[in-house]
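Please look at the sequence and the structure first.

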Amino acid sequence: MKNLFKKLITTLPNLGFSIARLTLGLVIFPHGAQKLLGLFGGYGYSGTMESLTTQMGLPSIVAFSVIMIEFFGSISLVLGLFSRFWAMSLAGMFTGIIITTQLEEGFFMNWYGNQAGEGYEYSLLVIGLALTILVNGSGKWSIDSLISKKQ
C-alpha cells in the first residue's frame, strides 16, 4: 500500500507538467461547479443528477461519479493533490463520453449548430492533458511534490 501511495504522488519537478495540470484543472472546474453547485448557469446537483439519469439514461453511480470527478478532481488538479488519480479518472470519463455520445457526431465540435451534438475534439484534448499528468505526475509547485519530498 505504501508503494502504491508513493507511485501516486511521485512527480518530476517540471514546469511543463504543472502547466498541463493547471490548464486541465482550470478548464474542467467551471463544468464541475455547474454540475455540483449550479454556478455558471448550471443545474446544480439535483438537476444534473436528474438530467444525467433520466435524459441520458446513466446509472446513478455513474452520474454521481461524473459530478464528483469534475468538481473535486479539478480542484485537486489545481492544487496538485493526487493528480495521477484524478487524471486517470478524467481520461476514463472522457473516453466514456466519446464512446457514448460524441463518436457518432464526428471529430469537430458543433461550432455552427448544424449537427445534433458535439464532436470529440475537446474530449481528445482533455484526454491528452490527463495522460500527460498520469504518466508524469503533478510537476513543480504541487502538493504531491511537497509530500514526495518529505517521504
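This is a predicted model: local features need pLDDT of at least 70, side-chain atom pairs count only at pLDDT 80 or more; totals for chains, interfaces and linings use all residues.

Residues are numbered from 1 along each chain as its sequence is written, and side-chain values use heavy atoms, with hydrogens and water left out.

Rings of Phe, Tyr and Trp (its six-membered ring) pair if their centres lie within 6.5 Å; planes under 30 degrees apart count as stacked, over 60 as edge-to-face and the rest as tilted. By this rule there are seven aromatic pairs. One of them joins F29 and F71, a tilted pair with 5.8 Å from centre to centre and 40° between the planes. F29 belongs to helix 2 (residues 15–37) and F71 to helix 4, so the pair links parts of the chain 42 residues apart; helices here are DSSP runs of H or I, at least four residues, numbered from the N terminus. F71 also pairs edge-to-face with F72, at 5.0 Å centre to centre and 85° between the planes. Together F29, F71 and F72 make up one aromatic cluster.

Buried means under 20% relative accessible area, exposed over 50%, and partly exposed in between (1.4 Å probe, protein chains only). F71 is buried because its value is 9%, while F29 at 27% counts as partly exposed.

F82 sits in the loop between helix 4 (60–79) and helix 5 (83–102). Its phi is positive, about 55°, although F82 is not a glycine. W141 lies in the loop between helix 6 (121–136) and helix 7 (143–150), and its phi is also positive, near 55°. W141 counts as exposed because its relative accessibility is 63%.

Terms used:
Helices (H or I, at least four residues) and strands (E, at least two) are DSSP runs, numbered from the N terminus.
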